[in-house]
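Colleague: I have this model open and would like to learn how to read it. Could you walk me through the strands, the helices and the charged pairs?

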Amino acid sequence: MSAAGAGDHPVEPIRFYTEEELDAIEETDPDRAYRIARTQALAARGGVERNPEQHPLPEPQQVREALDDVRQILMQDGGDIELVAVEGREVRVRMKGACTGCPNAPLDLKNVVERVLFNAVPGIAKISNTF
């Protein structure tokens, strides 16, 4: 599944790493393989009961670390993501690369970015894509 440009981005969900791909990554970078596997598991697990006000305000560094894990998933299809701002409990990101203009970008934001960030940084109340 490759995406040469935004117009060529496939209209299907993001592909997650297979066990074989994770094993290959683990041979050279076990920490990265663990983070990717954990991120994929969190994204696959889906929604959990959330009450962000019961948690401390998100720290930009926490958000950056979680976005690094999200980035690994998005890069599978030529996409990328950048942290724009953390303002209170709101996180603004910019989806880049093949995600720019892709009809699946809103789904990727909801099904991958939100799930991973909400689980990794429970103090986040809202995530929005800034163009």
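Modeller: Let's start with the sheet: β2 and β3 pair in the parallel sense over four bridges. Strands count as paired if DSSP finds at least two bridges between them. Helices (H or I, at least four residues) and strands (E, at least two) are DSSP runs, numbered from the N terminus. This is a predicted model, where local features need pLDDT of at least 70 and side-chain atom pairs count only at pLDDT 80 or more, while totals for chains, interfaces and linings use all residues. Residues are numbered from 1 along each chain as its sequence is written, and side-chain values use heavy atoms, with hydrogens and water left out.

Colleague: In β3, which residue is the bridge partner of V93?

Modeller: That's N129.

Colleague: And in what sense do β1 and β2 pair?

Modeller: Antiparallel, over eight bridges, with β1 covering residues 79–87 and β2 residues 90–97. A85 has R92 as its bridge partner in β2. The two strands form a hairpin with two residues between them, and G88 in the turn has a positive phi of about 65°. Put together, the open sheet has the order β1-β2-β3, with mixed pairing. Its edge strands are β1 and β3 (126–129).

Colleague: Now the helices. How do I read the packing of α3 and α4?

Modeller: Two packed helices are described by the angle between their axes and the distance between the axes. Here α3 (residues 60–74) and α4 (residues 105–120) pack at about 145°, with axes 9 Å apart. The axes are lines fitted to C-alpha atoms, for helices over the stretch in contact, and angles run from 0 to 180 degrees between N-to-C directions. Contact means heavy atoms within 4.5 Å, and the residues making it include V63 and L67 of α3 and V112 and V116 of α4.

Colleague: What about the salt bridges: how many are there?

Modeller: Side chains of opposite charge can pair when their charged atoms come close. The rule asks for a side-chain nitrogen of Lys or Arg within 4 Å of a carboxyl oxygen of Asp or Glu, and the count comes to six. In one of them, R94 meets E82, with the closest N and O atoms 3.3 Å apart. R94 lies in β2 and E82 in β1, so the pair ties together parts that are twelve residues apart in sequence. E82 also forms a salt bridge with K96 (3.8 Å, N to O).
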